[in-house]
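Please take a moment to look over the sequence and the fold, and then follow the text from the whole chain to its ligand and its inner spaces.

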Amino acid sequence: MGEQSDALVLFGVTGDLAFKQVFPALQALIRRGQLSVPIVGVARSGWTLEQLRDRARQSLEAHGGVDAAAFARMSELFRYVDGDYRDPATYVRLREALGTAARPLHYLAIPPSLFAVVAEGLASSGCTPGARVVVEKPFGRDLASARELNTTLHRFFREADIFRIDHYLGKEPVQNLLYYRFANSFLEPVWNRNYIRQIQITMAESFGVRGRGKFYEEAGAIRDVVQNHLLQVVSLLAMEPPSGSDTEAVRDAKGQAFRVIRPLQPADVVRGQFAGYRNEPGVAPDSEVETFAAVRLQLDSWRWAGVPFFIRAGKCLPVTATEVFVELKRPPQALFADAATSPANCFRFRLSPHVVLSLAARAKLPGEAMVGEDVELVSCHERADEMAPYERLLRDAMRGDQMLFAREDAVERAWRVVDPVLGSGTTPLETYAAGSWGPTEADCLTAATGGWHQPAEESGC
Ligand code: BG6
């Protein structure tokens, strides 16, 4: 950690991300008394400061409501710089707007193709010394472009000052994976190839691309959520105990986990597209982009050799739920016939929409017969005042705390895993009906381990 940033600069302040995530996060931080520095919006929309304030109000009205006092404070903190990102004069005006601020945090909510242009503009106007930079996902399109991007950013910023956002890392239940694994001793003896049969991570969304067809055409499920959110979850499940709880110890252990994930081969991947996707606005009529991906990962480590990790993510699936399912091996002898085929004997970590942690097991049914039933010990929590991921991540970046941000090596290693199967040339694309669990071909991946575990829609705690 370092000194607190003394200004927040939002590039792309008129865009979608600012509207959906950033303004609500700013209001929440101000309400908690954690943000009181100038907020400088930058865009090339020909706006005025008043328009920026109006836009922020609309964003808050659409996302949880306006808190009059916090909004008034936010309006006072706002500055606005309008200009083209390629015009050096924009950065001169930005420097002026920053006044005496010496440690600004630059948040780049802009297309990655503009990162280098903006970084150069910032450097040429004296806006980089002492500064930090936050970059949004997608961080590159593949390994080569991610490396290029890292090289570009390193020309102007130190690694310690580069914050690569993966909002999954800011989620409470994702942080809990790290905590739960290493705050308890009962898990460690079984958390390996001797006891674990398989791990499955399902990220199901019951909706489509929600008007983001143009963005999605450039991404597809593998780039959109597998390379980042879901591989990050794999790293937390697979990592060795870190040597300490400090940022670099944890990121070293995660980096090592990424290193043992074998790059995907076409036979380990099933790509699907829901019927109707090609009619979405912004989508090509002959699009080969996947809205569903199922992959089988193999980890080459002492702990995990031979244990398959499956990931499945898709749009227009039957439910909206993200869940980790860790199945234990069956007892070596089937003493009780009724238990032999039970799916119990597993851990379940629900990551959204609710935070659920459960241990499923067989327990004897009261009565004369030695027969049992599946029981589940469930812990579930929901707190109204919980920080949203963007709120937490913005706060941490302002403090210079890197713990919940992706380090260069992890991002590049994650790209190395998916690189061989990116694009439409490597694997076929199967069509699936909206509302189904994706193409039937995906079932072949898990056939040897009993099929996919289907997360249920849960109503809450
Ligand atoms: C985003 C993806 O990063 O994560 C979206 O671009 C996806 O396609 C979203 O829907 C899911 O995040 P959350 O927090 O809503 O589960």
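Predicted model: local features only at pLDDT ≥ 70, side-chain atom pairs only at ≥ 80, totals over all residues.

Helices, as the word is used here, are DSSP runs of H or I with at least four residues, numbered from the N terminus.

Oxygen atoms of the ligand come within 2.7 Å of a side-chain N or O atom of Lys171, within 2.6 Å of one in the side chain of Glu205, and within 2.9 Å of a polar side-chain atom of Arg212. The ligand taken alone exposes 400 Å², and 75% of that area is buried by the protein.

Rolling a probe the size of a water molecule over the atoms shows where empty space is left. In this structure there are 4 cavities of 30 Å³ or more, and the largest cavity holds about 140 Å³ of space. Its lining consists of 15 residues, among which Asp166, Gln227, Asn228, Ala406 and Val411 are the closest to its centre, while helix H9 (221-238) and helix H12 (408-418) are the elements that give two or more residues to this lining. By class, the lining of the largest cavity has 8 nonpolar, 4 charged and 3 polar residues.

The second largest cavity, with a volume of about 60 Å³, is lined by Gln232, Arg251, Lys254, Gly255, Phe405, Ala406, Arg407, Asp409 and Ala410. The lining of the second largest cavity divides into 4 charged, 3 nonpolar and 2 polar residues.

Pockets, unlike cavities, are open sets of points. The second largest pocket has a volume of about 370 Å³, and of the 19 residues that line this pocket, Pro331, Phe336, Ala339, Ala340 and Arg362 lie nearest its centre. Strand S13, which runs over residues 355-364, gives the most to the lining of this pocket, with 4 residues, and the lining as a whole divides into 11 nonpolar, 4 polar and 4 charged residues.

Terms used: Residues numbered from 1 in each chain as written. Heavy atoms only, no water. 1 Å grid on protein atoms, 1.4 Å probe; cavity = no way out; pocket = protein on both sides within 12 Å on 5 of 7 lines; lining within 4 Å. Points joined across faces, edges and corners; volume = space filled by probe spheres on them. Nonpolar A, V, L, I, M, F, W, Y, C, P; charged D, E, K, R; others polar. Polar contact = N/O pair within 3.5 Å; in protein donor to acceptor, adjacent residues only side chain to side chain. Areas by Shrake-Rupley, 256 points an atom, 1.4 Å probe, with all protein chains shown as cover.
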